Amino acid sequence: MIFKKLAAAVIVGMTTLSMICSASACTALYVGSDLTEDGTTMFGRIEDLGTNDNNKLYYVSAAGKHTAGEVYNGCYGFTYTFTHDSYRYTARRDDNGLGVCPDCDGTHDHTPYEEAGTNEKGVMVSATETLYGMKSVQAVDPYVDNGIEEAEITTVLLSEAATAREGVALLTSIYDTAGAAGGSGVFIADQNETWFVENLTGHTYIALKLSSGVVFMQPNVAAIGKIDLDDTENVVASANLMEVAQKAGTFVGDAAANVIDLTASYNGDSQSPRMAAGLNYLNGVDTFTTDNYTENDFALSNVDQNGQIVPAWSNIKLTKKFSVEDVLGFFETEPIAKTGNVETHVFQVSAEGELNTALVEWTAFDDNVYNAFVPYYPLLTTDTADCYKVSPGTVTRSEEQPTKGVWYKDQKGRYYTYPENWTDSFYGARDALSNLLTYGNVSESDKAVVKTTYAKLQQQILKDFQKTKAKVAAADSLEAKQKAATTASNAMSDKVHNATVAMFKTLQTKYGVRAWFQSLLHSAG
């Protein structure tokens, strides 16, 4: 809730107040264990909002937050009855710490949108990559007003599921019964397997188990292509999947062979500059553009050239085995990385060894053009750094021009002023620095200094994490391992937060950011 709306005001002041960036421009990535240097599976997602003045939190949700038989009321009418006391889990979420949900403006007892996390059983969920189905298929099977929405998926699945397959079964059963309020792509994983679930209408879906030899990306474009539904070990599909597309006149596939091309049959507009940039990064080329890539370049399939069922594959071919730095680098590639980024999470999963240290969450907030990721062992983390849990004051609105603070004026002549305690929030500090660098009159040389500072921070964090691994391995009890892991990761987070605040204050002093924001935004109004 710090500076995203302010940044938008700067942009529109230079053009027109009616021009707003897309609010749903997330990008997902999966790299199978056969394609990584250390044999880990890595997957994650970047969340984008074109204009975002909502704070973000990263925390541990205690076991039993929800109790057996409790009826959960979500943001937009979806309800769910918990079957047992909820599991403990990590989560990133929108901030309603001051009593009002930033998603639905509701004040009822509920959890705002939780994007991703890991529960005590080792189940990981990333939800959601927003998808857009064709109007023709949605006319046959429309979205459901009271169906499950992205704001509830992570909360429900991490509270309830003890394995990835349980999570897949739960989500698809909800799609079958209550339905979906919108289209999405969702990762559901554990130490043994990773599933990706796509739905583009109210009650249709495919859940595909991802193979160790595949890489795929998804920038709000359905990534599941030609699928043989007879592969019931690795595919879970709604009973009406073909029927809806056939009624809509969009079906592509071979009904007699029980094969459907989901992207071709259901997906709306598939052209994205983020897809082109991501394909170039992954394939190690510079030939892809928004206009020249096709479904064949990115889509997942479980059918080979002879029509036989095979493990999931795509035509994306990495030029080398990826390290965690390579995966983080994908999310730092423009225009995937931009000031509209809100949070990014990457799960790194080892199929070997003790579960407590087999799972790592890499987390970052805000603009990935200038950023550093921090690792956490989610099953050993007892608490996150204090800066992740701060709920700053609210943005205030008035009809008269403010006499102090950082403010802007909207197209209706109303004034908005930001809170003073933004520096206490990890997200707020990152957001303010991002907007100053992107929309301020900061020199290219100073931008380069910030980029270099974050790159050095990332290298320090990678070294710190190696030391953390050794300390955790040497600890002689679960409690000692938890303390070592939690203390180390929180120290890394504090290091990034403190460096961010220091950089912002340096640039604030150099460029007079407070006066600059006021004068520029006032003239924009």
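I began with the axes of α3 and α4, which come within 9 Å and cross at roughly 135 degrees. The crossing in which α3 passes α4 is right-handed. I kept in mind that this is a predicted model.

I then listed the residues at this contact. Sorted by class, the contact of α3 with α4 has seven nonpolar, one polar and two charged residues.

Next I turned to the sheet. I recorded an open sheet of eight strands with antiparallel pairing, in the order β3-β6-β7-β8-β9-β10-β11-β14. Its edge strands are β3 (56–61) and β14 (235–237), each of which pairs on one side only. On average, neighbouring strands of this sheet are turned by 15 degrees against each other, with direction ignored.

Strands β7 (residues 114–118) and β8 (residues 124–131) run antiparallel and are joined by three bridges. Thr-118 has Met-124 in β8 as its bridge partner.

Finally, I checked where each helix meets strands. Helix α3 (residues 150–160) lies across β6 (89–94), β7, β8 and β9 (183–189), and runs at about 160 degrees to β8. Helix α4 (residues 164–177) packs on the sheet and touches β9, β10 (194–199), β11 (206–209) and β14. The direction of α4 makes about 155 degrees with that of β9.

Notes. Residues numbered from 1 in each chain as written. Predicted model: local features only at pLDDT ≥ 70, side-chain atom pairs only at ≥ 80, totals over all residues. Heavy atoms only, no water. Pairing = 2+ DSSP bridges. Helix = DSSP H or I, 4+ residues; strand = E, 2+ residues; numbered from the N terminus. Axes fitted to C-alpha atoms, helices over the stretch in contact; angles between N-to-C directions. Contact = heavy atoms within 4.5 Å. Left-handed = near helix turned anticlockwise from the far one by under 90°. Nonpolar A, V, L, I, M, F, W, Y, C, P; charged D, E, K, R; others polar.
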